[in-house]
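Walk me through this structure, please.

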Amino acid sequence: MSDIKVNFYESVPDERLKFAVIVSKYMGRWVWCKHRERDSYEIPGGHREVGENITDTARRELYEETGAVDFSLFPVCVYAVEKDGEETCGMLFSAEIYEMEAELHSEIERTELFDGLPEKLTYPEIQPILFEKLKTCKAMKVMNLLVIYSSDRKEILMCRRRKDPYKGLLNFTGGKVKDGESSIDAAYRELYEETSITDKDVSLVHFMDMVYYTYGCKLEVFVGRLNKSVIVSGSENELLWFPADGDFSDTKVFAGEWNIPHIIEMIRDDPSVLN
């Protein structure tokens, strides 16, 4: 039998990424999948479809194999399985699952939660190595940015930061996603804590994400339009309304190294998000 070796890389050409494997946690325990035709367990994951972004592969496979409908997903690194001198590459992901459907949409019979590695593994030469690699990687910090429009869409709620980074500059409200907290729950919590706006005043839409691998940080951007006029208040930063059709590109006024104008332009390109 040929020896199998697992190698890790920071990056490879995109076309070499054929698989996505997602080491996942739910309620503090590791998620493993039991295939209908096998009596062993495997990490959620699968083949990349033609024309599919590798992150979309991970999202699709995680849903199909575990039923995950609310989760945070983080790329870890490229892995390569080497056999007979040839490598097959994939992307290793980490996921924190917050909600799962009961029905699965794949060849997986069921998922089970373990505190570590199951005794029977489908790919014993590969899965323990991927599992251990994830455990040694630094966890990515997850933050949110909340883009809140007035009910008439003419103004956007900003805050003037009282602390570094970007002290004195204007930014969107937002903050850190806590461990075990879903993205949407964190968004509404931060919104209320910083502005006193509640989920009765606005419906938030998870609009886009920005991932900074070098800094180990992921920004989740939520957008919402108030359904009525409200009085905003908060002690953390000064709150103010800025014209929605204004110029957000002055880095002497706005925080975020051009993030803010980029986000605003994306929303302007898709105004349906404010319906």
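Ring pairs link W30, W32 and F131 into a cluster. Rings of Phe, Tyr and Trp (its six-membered ring) pair if their centres lie within 6.5 Å; planes under 30 degrees apart count as stacked, over 60 as edge-to-face and the rest as tilted. The model is predicted: local features need pLDDT of at least 70, side-chain atom pairs count only at pLDDT 80 or more, and totals for chains, interfaces and linings use all residues. Residues are numbered from 1 along each chain as its sequence is written, and side-chain values use heavy atoms, with hydrogens and water left out.

A search of the whole structure finds six aromatic pairs. W30 belongs to strand β3 (residues 29-35) and F131 to helix α2 (residues 127-136), 101 residues apart. Helices (H or I, at least four residues) and strands (E, at least two) are DSSP runs, numbered from the N terminus. W32 and F131 form a tilted pair, 5.9 Å centre to centre and 45° between the planes.

F131 counts as buried because its relative accessibility is 2%. W32 is buried too, at 1%. Buried means under 20% relative accessible area, exposed over 50%, partly exposed in between (1.4 Å probe, protein chains only).

The charged end of K25 sits over the ring of W30, 4.6 Å from its centre. This requires NZ of Lys or CZ of Arg within 6 Å of the ring centre and within 35 degrees of the ring normal.
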